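I opened the notebook to look up surface, fold and aromatic rings. My entries follow.

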Amino acid sequence: MNSYRTVTKLASPGSSKKLDYVVNIYHNGKFKFAYRYRDWSEEAVTDEVQFLRSRFSDTNGFLVKW
């Protein structure tokens, strides 16, 4: 499916399970927000994490975890 319509922004950290992946974003060690990718394939989320890591660069103090 991999539709952005199924992506939800979360106010607290989450954890992933099959076809319901959560990517947590931290800045300078503090949790900022998370994205939940419901019904996405693992490969699609991997690509999305690459995009997020370029947008939220570790050189600017960000950490993208999933």
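I began with the accessible surface of the chain, which comes to about 4,500 Å². Carbon and sulfur atoms hold 49% of that area. The model is a predicted one. I then looked up burial: 32% of the 66 residues count as buried.

Next I read off the fold. I found one helix and four strands, in the order β-β-β-α-β along the sequence. The C-alpha atoms fill a box of roughly 35 × 20 × 20 Å along the principal axes. I checked the radius of gyration: the chain has 11 Å, which agrees with the value near 11 Å for a compact globule of 66 residues. Among contacts with a separation of 6 or more, 46% join residues 24 or more positions apart.

For charges, I noted 11 positive and 7 negative. Their mean positions are 10 Å apart.

Then I turned to the rings. I counted eight aromatic pairs. The ring centres of Y4 and W40 are 5.4 Å apart, and the planes stand at 75 degrees, over 60, so I logged the pair as edge-to-face. Y4 sits in the segment before β1 and W40 in the loop between β3 and α1, 36 residues apart. Y4 is exposed at 55% relative accessible area, whereas W40 is buried at 3%.

I also logged Y21 and W66 as edge-to-face, at 5.7 Å centre to centre and 70 degrees between planes. This pair links strand β2 to the segment after β4, 45 residues apart. Y21 is buried at 8%; W66 is partly exposed at 39%.

Last entry: Y4, F33, Y35, Y37, W40, F56 and F62 form one aromatic cluster.

Note on methods:
Residues are numbered from 1 along each chain as its sequence is written. This is a predicted model: local features need pLDDT of at least 70, side-chain atom pairs count only at pLDDT 80 or more; totals for chains, interfaces and linings use all residues. Side-chain values use heavy atoms; hydrogens and water are left out. Helices (H or I, at least four residues) and strands (E, at least two) are DSSP runs, numbered from the N terminus. The radius of gyration is taken over C-alpha atoms; the globule rule is 2.2 Å times the number of residues to the power 0.38. Buried means under 20% relative accessible area, exposed over 50%, partly exposed in between (1.4 Å probe, protein chains only). Contact means heavy atoms within 4.5 Å. Accessible areas come from the Shrake-Rupley method with a 1.4 Å probe; for residues, only the protein chains shown count as cover. Lys and Arg count as positive and Asp and Glu as negative; His and the chain ends are not counted. The place of a charge is taken as NZ of Lys, CZ of Arg, CG of Asp or CD of Glu. Rings of Phe, Tyr and Trp (its six-membered ring) pair if their centres lie within 6.5 Å; planes under 30 degrees apart count as stacked, over 60 as edge-to-face and the rest as tilted.
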